[in-house]
Amino acid sequence: MLIRKMKYIILVGLIMINGSVYGMDNIYISGYARNYTGMLLEGDRDFSIIQNTLDLNFEKKSMKGGLLVNPYLYHTFDSNLEIGLREAYLDLFFDNFDLRIGKQQIIQGKAEGAFITDVVSPKDLQEFLLPDFDEIRMGVTAFKINAYHGNSTYEAVWVPVFTPTRMPDATSIWNPGMDYPVQPVFDYSTSDVPARLENSEAFIRYSTLTSRFDLELVGGYMFYDDPVMHMTKEFNPVTQQLTGLTVRPEYHRVTLGGGSVSLPVGSIILRGESGFYSGRYFQIESPAYPGATVKKNFLHSMAGLDFNVRGIIFSSQIIQEYILDYESGILNDEFDHTLTFLAKKDFLQEKLWLELFIYTGLNEGDALIRPKISYSFTDGFDILLGSNIFAGDAGRFGRFDDNDMIYAKIKYYF
Amino acid sequence: MKKTHAALFLSLLLTIFMIQPLSAEITGKQIMEDVYNKPTGDDMQGELTMTLTNKQGESRVRTLKQYIKYGDEVDKKIMFFQAPADVRGTSFMNWSYADGRDDDQWIYLPALKRTKRISSDGKSDYFMGSDFTYDDLGDRHPDEDTHTLLREETLEGKTCWVVESIPKEEDYMYSKTITWVMKDNYLGLRREFYDEDGDLLKILTIKKFDQIDGFWTILETEMKNVQKDHKTNMAFNNVQINRGIPDRRFTERSMTLGR
């Protein structure tokens with residue numbers, strides 16, 4: 001299988017490099033090679049990751065159309081070689097509209113480091129939220145049309161095949177896990193969403209840039225990217241003690257409506273984003289819900305601001321998750337708040353960058369602190385040293401308290 | 001006799017009136033207003049190569065394509081970064097308003113695939129690691145400074161006015177600038193920038209200029225930071241003026257697609 005994949009990648013590369021044979025001259029090839037080495041600070045100082053990456057971009061553009069193929073190759077010390085296509089699409093350009101067909105990353109919203117209405121492309125969470133965002137977002141095979149009128153864009157997306165969130169392996173240090181009262185039996189009979197027309201997803205988006213503000217409105221009829229764990233419990237009829245548990249993961253439809261705005265107020269940029277999800281499932285511990293799930297409407301919002309002080313870029317966001325018509329027993333809090341903070345500054349004429357990014361979970365008092373320093377030896381050749389510090393005992397970040405790490409990334413762009 | 005005196009008086013009066021406009025000295029403000037208002041055409045496009053050289057002689061090169069459209073109320077500029085590889089695909093758009101309000105600025109980062117509005121407050125920030133600040137690259141309105149014509153002198157064979165400009169804004173990044181304005185085309189042949197302590201910080205020199213499509217245009221310029229011994233050379237190629245750049249060039253679509 002792997003050899004077949006490699007042959008495919010090499011074949012695509014050769015065809016494109018020798019593209020003039022097919023009348024596809026002027027193909028631009030770019031990409032990067034990277035080594036990423038991370039070491040845990042707790043315990044025996046295990047390496048959390050040693051990964052070599054090759055990421056290629058084959059690009060061709062003309063006045064009427066274009067194509068992009070972005071294969072990648074990950075080689076990690078503890079797993080097999082992974083080869084895939086981050087994106088591979090064709091573009092057709094017309095006077096007032098464009099078509100993009102193929103595997104593509106589609107991004108929405110104005111929040112940074114959070115996914116509020118940005119839900120067209122699912123996430124690859126194999127290493128939690130730590131990779132760069134172009135690596136967290138997975139491409140989806142989609143048909144996208146963008147129509148333009150003045151400074152406004154109207155977008156419609158049809159995703160024929162559902163792609164869920166990619167979760168870490170069960171043995172991964174980034175697997176969030178779930179606590180079950182007894183050893184569960186997993187029933188995967190409903191965990192696939194068959195590739196058929198009725199299971200396709202559709203999204204629409206309107207966006208405009210004006211001299212006073214930027215506005216984006218979105219809508220979606222889609223599957224929620226994370227599975228819901230429906231549970232069937234078996235009790236001893238005499239003692240009424242739980243004796244068995246069957247967990248059946250299933251993906252469910254949700255309807256999304258939302259929008260985002262960005263506007264300058266003096267020297268500050270204010271940002272806001274909100275997404276209303278109709279019919280999202282949550283886990284619940286209540287005898288009234290034997291399946292341990294409940295369907296609720298959900299509001300996910302963000303307010304943030306960006307500004308510069310003496311050449312330092314600052315950005316901060318408050319993110320709220322709100323379960324409407326809340327019931328006791330739901331595992332999530334009715335309100336959940338997360339604060340983000342970014343400070344970034346360059347030195348030596350953009351050769352040296354210092355950055356600090358912090359997520360703070362206000363409900364659990366947990367945090368993820370991410371200081372970074374990067375230096376550009378020469379054009380396209382960077383070294384980055386950083387640390388991921390998880391604080392707290394519980395919550396989205398605190399549960400990874402044992403995964404504090406330092407890491408280095410050496411990257412060469414070409 | 002009276003008639004003779006009257007004629008003489010009248011002649012003197014007329015002579016004085018005729019001579020007065022010729023002998024009136026042009027002011028620094030007038031010169032800088034003429035520099036600001038010199039004809040530029042309705043639009044301009046071209047390729048820009050920036051070469052950054054540090055005191056060790058090491059160079060880094062940035063290339064981009066830029067399009068500018070001048071309007072009565074708003075000037076629009078868009079830049080598409082082409083090299084080095086790590087910034088390729090990035091685009092930057094700026095709308096600058098005649099009514100004096102802050103510029104609108106957006107940046108598109110291909111890794112994030114998102115067009116983001118950014119604060120235009122960082123005018124003293126350096127553009128892409130060069131020795132040019134964003135304000136150095138823009139057209140500073142003459143009303144923002146107090147101008148004094150210091151002298152006339154010949155520089156590199158060109159007759160120039162030498163104008164000192166002191167910013168009215170107290171905490172501006174420069175305490176003053178001195179500009180050598182060529183009399184025959186109103187281009188600034190040389191400009192010296194002085195830091196907040198009054199010490200010479202940077203020298204801007206025009207290396208090459210020409211008439212393109214009937215408009216005097218700077219084709220190569222160098223900014224040298226004399227305190228850091230660092231310099232940036234900017235060379236403009238394939239400059240075209242008044243080619244009718246459409247409004248749709250300055251939109252989110254253009255930023256996203258890089259075309």
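A salt bridge here is a side-chain nitrogen of Lys or Arg within 4 Å of a carboxyl oxygen of Asp or Glu. By that rule there are 41 salt bridges over all chains, and one of them joins the side chains of A:R166 and A:D124 at 3.6 Å, N to O. Please keep in mind that this is a predicted model, where local features need pLDDT of at least 70 and side-chain atom pairs count only at pLDDT 80 or more, while totals for chains, interfaces and linings use all residues. Residues are numbered from 1 along each chain as its sequence is written, chains are lettered from A and ligands numbered from 1 in the order in which they are written, and side-chain values use heavy atoms, with hydrogens and water left out.

- Helices (H or I, at least four residues) and strands (E, at least two) are DSSP runs, numbered from the N terminus.

**Where chain A meets chain B**

- Counting contact as heavy atoms within 4.5 Å, 54 residues of chain A touch 41 residues of chain B.
- The two chains bury about 3700 Å² between them, 44% of it on carbon and sulfur atoms; buried area is the accessible area (1.4 Å probe) that two parts lose on being put together, summed over both.
- A:L209, A:Q349 and A:D379 supply 19% of the area that chain A buries against chain B, more than any other three residues.
- Seven salt bridges cross this interface, including the one between A:D98 and B:R253, whose closest N and O atoms are 2.6 Å apart.
- The side of chain A that touches chain B divides into 17 nonpolar, 18 polar and 19 charged residues.
- For these classes, Ala, Val, Leu, Ile, Met, Phe, Trp, Tyr, Cys and Pro count as nonpolar, Asp, Glu, Lys and Arg as charged, and the others, Gly among them, as polar.

**Cavities**

- The count comes to two cavities of 30 Å³ or more; on a 1 Å grid over the protein atoms alone, a cavity is a set of points where a 1.4 Å probe fits but cannot get out, and lining residues have an atom within 4 Å of a point.
- The largest cavity holds about 70 Å³ of space, and a volume is the space filled by probe spheres set on the points, which are joined across faces, edges and corners.
- Its lining has one nonpolar, three polar and seven charged residues, and β6(B) gives the largest share, four residues.
- The second largest cavity has about 40 Å³ of space and is lined by A:E112, B:L109, B:L112, B:R114 and B:K116.

**Backbone details in chain B**

- Most residues other than glycine have a negative phi, and most peptide bonds are trans.
- The peptide bond from B:A83 to B:P84 is cis, with omega near 5°, and B:P84 lies in the loop between β3 (74–83) and β4 (91–97) of chain B.
- B:E156, a residue other than glycine, has a positive phi near 50° and is found in the loop between β7 (145–155) and β8 (158–167) of chain B.

How values were computed. 1 Å grid on protein atoms, 1.4 Å probe; cavity = no way out; pocket = protein on both sides within 12 Å on 5 of 7 lines; lining within 4 Å.
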